[in-house]
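This briefing concerns a single protein chain, shown below. Please read it alongside the sequence and the coordinates.

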Amino acid sequence: MKNVKKYYCPMKCEGEKVYDKPGNCPVCNMHLVPVGSSGAGSMSEHEKNAMHNGHEHDEHQMHDHKKAHSGSGKYYCPMRCEGDKTYDKPGDCPVCGMHLQKEAGIGTKKNVTYTCPMHPEIKQDSPGACPKCGMNLVPEKGEEASEEDRAYREMLKKFIVAVILSIPVLIIAMSPMIPFIHLENIASQRIWNWVEFVLATPVVFYCGRDFFKRGWSSVRRYSPNMWTLISIGVGAAYIFSILGLLVPGLFPAQFKDAQGNVNLYFEASAVILSLVLLGQVLELRAHGKTNSAIKALLGLVPPVARVVINGQEKEIPLEEVQTGDILRIRPGEKIPVDGIITRNSAVIDESMITGEPIPVDKYAGDKVTGGTINGKTVFDMKAEKVGKDTLLSQIIEMVNEAGRSRAPIQRLADVVAKYFVQIVVGTALVTFAVWAIWGPEPALVYGFVNAVSVLIIACPCALGLATPMSIMVGTGRGAQSGVLVKDASAIEEMNKVNTLIIDKTGTITEGKPSLKGYKSFKSRGDDEVLRLAASIDSNSEHPIAEAIVRGAREKDIELLELENFEAIPGKGVKASYQGTKIGLGNDRLLEEFNASVSEDERRIVEDWQLSGQTVMYLVAGNTVEGIVSVSDNIKSTSAEAIRSLQKMGVKVFMLTGDNKYTAKTVAEELHLDGFQSDCLPDDKYRKVKEFQEQGLTVAMAGDGINDAPALALANIGIAMGTGTDIAMQSAEITLVRGDLRGIVRAKELSAKVMKNIKQNLFFAFVYNSIGVPVAAGILYPFFGLLLSPVIAAAAMSFSSVSVISNALRLRKQ
């Protein structure tokens, strides 16, 4: 029988699998090797040596690429309770109890499983082609969720359980006040009390367990916070209810109903915990949205890169790219790492990094940045900076750092809350001691009941609602006028802003190139110059060419049919028209055509360039027939908005990545207080920091990824709705209409909301100043009145309703 030759993949991508025909491995695309006489699927020593010699470089690189870029994630407290301290494991901050956040970055190896869209049973740890159908494998959906998502889902589950159990407890407790509910006809009050106990206990010990752990941690660390009051208040109400259920004889008659049952407060424990859980769910969700800025930045780089080894392409995970690797970038692909072009040229869209709309021509030897997008050419590049060394990683780190920083107003609020908790707890203890020593019998019961009343009436519901309710209503009102506020502290800080930093492209200007001007230097008319320029550029795919063609068509100029079109890298384009060679491009194109311009014509060109325009020459034969320019136009509303802000005492500065001529022209036209050109992302970041160190309250408005670090660091980050998602996620305020006048509206709104918040806080403090002494029993010696915890709970509810009602007035302002 004829011996049938078998073939195998030298990388053993599918284990010992062999193939009947020669070709390439369907997984890694390497050339299949014949199997020797030692058996199918195994290699002879000769073949092993051949493979070692023929693929030594391949194995060396693949071995290097498969090295694990391990590194455990770092977690930090968003409140920075212990400064820059980080933690190795997820969980809650041991000081304030807030959920720890994970720092994101590029270069951390992830356990990603790749699968085939057509054959989901095909799974492997690296990218490649499906061995069955040949389709590219894609990352499997439903990968392990992030810590933030898991914490959010866990808290949401506890909230749902708490609500389901709390509603019947509340109905049972409030039934005597609801005319159409007659639970006494079904069972006695004592049985219903036991039902409340059964329903409320899981809420306390399952749903609220973490809150009590946080409260204990705050006491143990001598750092009282909101969890201290919640733990003591809810715990006291629950213990009070347990005692009332098990030993009702301890309580005086005024705390019992006609049947001798003590009025219990299981519903207070359950409902308070449910409301706290709701707040935690909303807080975790907000943190997830804040971190989405980092996730979006990470999404700029592709998950895989195409490395070239001995002329063969192979896709590898991004984490395995190393310095010195040669990578191949195809049309429309994202560049994975920083490096230099080694073969061919490209037009790179860098707008997501620089914020500037006009793509940049790149040639062999030029540097390219990870996260930018290739145009319509294929080029090779050498990786120079990978992982945390890339520009994009540095931007991400700056956003991380800025996001962890805290405004002074937050620290001040923490101090006030800290002393408020101490005063309330101290008052409750003093109340218990005074009643236990000098109160009537049963003195201990009176002391306990009045101490609970102090904790319940002083539970910081009104203080807690004072700010968020005004923020909620105010932000809703702002949304109606096109101002979206993501961070509650932005409302507080916006009212203090005295310095505004704005980007040029997309913030002051439209953010896209458009035809600016065209002029004839010789016998052809101006329209004829534009007609010829647009006719040449109609064959080009360059964004500047598209702007010229679009501008000509908007003026109803009919384009011409040209011949012999050719792009001249770094110079422009050329073609033939009626037997004459014509071209459109920059100064270097004039050398190609042996053409020149006169001094007068040169002055015109320089004047246009000084006004921030990009100028192209139209050449016919060896004569410069005219010029055409494009620019990014200033928005019609920018000047009005800047004047209004300056009248409000805000100094306006422009920081842009554009050249100094364009920046100077825009600054002079809008009468800005200052400007800086040729800015990189870290320049804007440092400028914000510099202003803050001078004691200024800084707002930063921008629309590009290059603005993200500065937006996050600024006291107030303002993103234009017409910009990138990353800018919007890094900012506290987004202007939906991309109009600078929204900043004026935001500042006016801030003043109204802050006034409303101060009214709410004043009422809350006055309420506590009066309610706490009354709950402690200060009226008992004079009028014989005690404040039952039921009345204390009602007073607490009234205070909350009053705060909410006042906040709702903002809807009409």
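The points below proceed from the overall fold to one helix, the nonpolar cores and selected individual residues.

The model is predicted. The protein contains 26 helices and 30 strands, and 49% of its 813 residues count as buried. Of the contacts between residues at least 6 apart in sequence, 64% join residues at least 24 apart.

**Helix α4**

- Helix α4 covers residues 189–207. Its 19 residues should span 27 Å at 1.5 Å a residue, and the separation of 26 Å between its end C-alpha atoms agrees with that expectation.
- At Ala 200, α4 bends by about 30°. A proline, Pro 202, follows within four residues of that position.
- The buried residues of α4 include Trp 192, Asn 193, Glu 196 and Leu 199. Ala 200, the site of the bend, is also buried, as are Thr 201, Val 203, Val 204 and Cys 207.
- In an α-helix there are 3.6 residues a turn, so residues three or four places apart point the same way.

**Packing of α4 against α5**

- Helix α5 comprises residues 209–220 and packs against α4 at an angle of about 55°, the two axes being 5 Å apart.
- On the α4 side, the contact is made by Val 204, Phe 205, Tyr 206 and Cys 207. On the α5 side, Arg 209, Phe 211 and Phe 212 take part.

**Nonpolar cores**

- The largest nonpolar core has 52 residues, of which Val 203, Phe 211, Leu 229, Phe 266, Leu 277 and Ile 457 touch the most other members.
- At least two residues of this core are supplied by each of α3 (147–174), α4, α6 (226–246), α7 (266–298), α10 (408–438), α11 (443–457) and α24 (741–776).
- Helix α6 provides the largest share of this core, with nine residues.
- Apart from this core lies another one of 38 residues, which includes Ala 490, Ile 642, Val 744 and Ala 746.
- Phe 266 contacts Asn 193, Glu 196, Phe 197 and Ala 200, among other residues, when neighbours within four places in sequence are left aside. Val 169, Tyr 238, Ser 241, Ile 242 and Leu 245 are also among its contacts.

**Ala 451 in helix α11**

- Ala 451 is placed in helix α11. With a relative accessible area of 10%, Ala 451 is buried, because the cut-off for burial is under 20%.
- The C-alpha atoms of Ala 451 and Leu 429 are separated by 6.8 Å, although these residues are 22 apart along the chain.
- Ala 451 touches Ala 428, Thr 431 and Phe 432, not counting residues up to four places away in sequence.

**Positive phi values in loops**

- Most residues other than glycine have a negative phi.
- Asp 556 has a phi near 60°, a positive value in a residue other than glycine. This residue is found in the loop between α16 (543–554) and β21 (563–568). Its relative accessible area is 70%, and Asp 556 is thus exposed.
- Asn 594 likewise has a positive phi, near 55°, and is a residue other than glycine. Asn 594 occupies the loop between α17 (587–593) and α18 (599–610). Asn 594 counts as exposed, at 67% relative accessibility.

How values were computed: Residues numbered from 1 in each chain as written. Predicted model: local features only at pLDDT ≥ 70, side-chain atom pairs only at ≥ 80, totals over all residues. Heavy atoms only, no water. Expected span 1.5 Å × (residues − 1). Bend = angle between axes of the 7 residues up to and from the residue. Buried < 20%, exposed > 50% of the residue type's maximum accessible area, 1.4 Å probe, protein only. Core = buried A, V, L, I, M, F, W, Y, C linked by side-chain atoms within 4.5 Å. Contact = heavy atoms within 4.5 Å. Axes fitted to C-alpha atoms, helices over the stretch in contact; angles between N-to-C directions.
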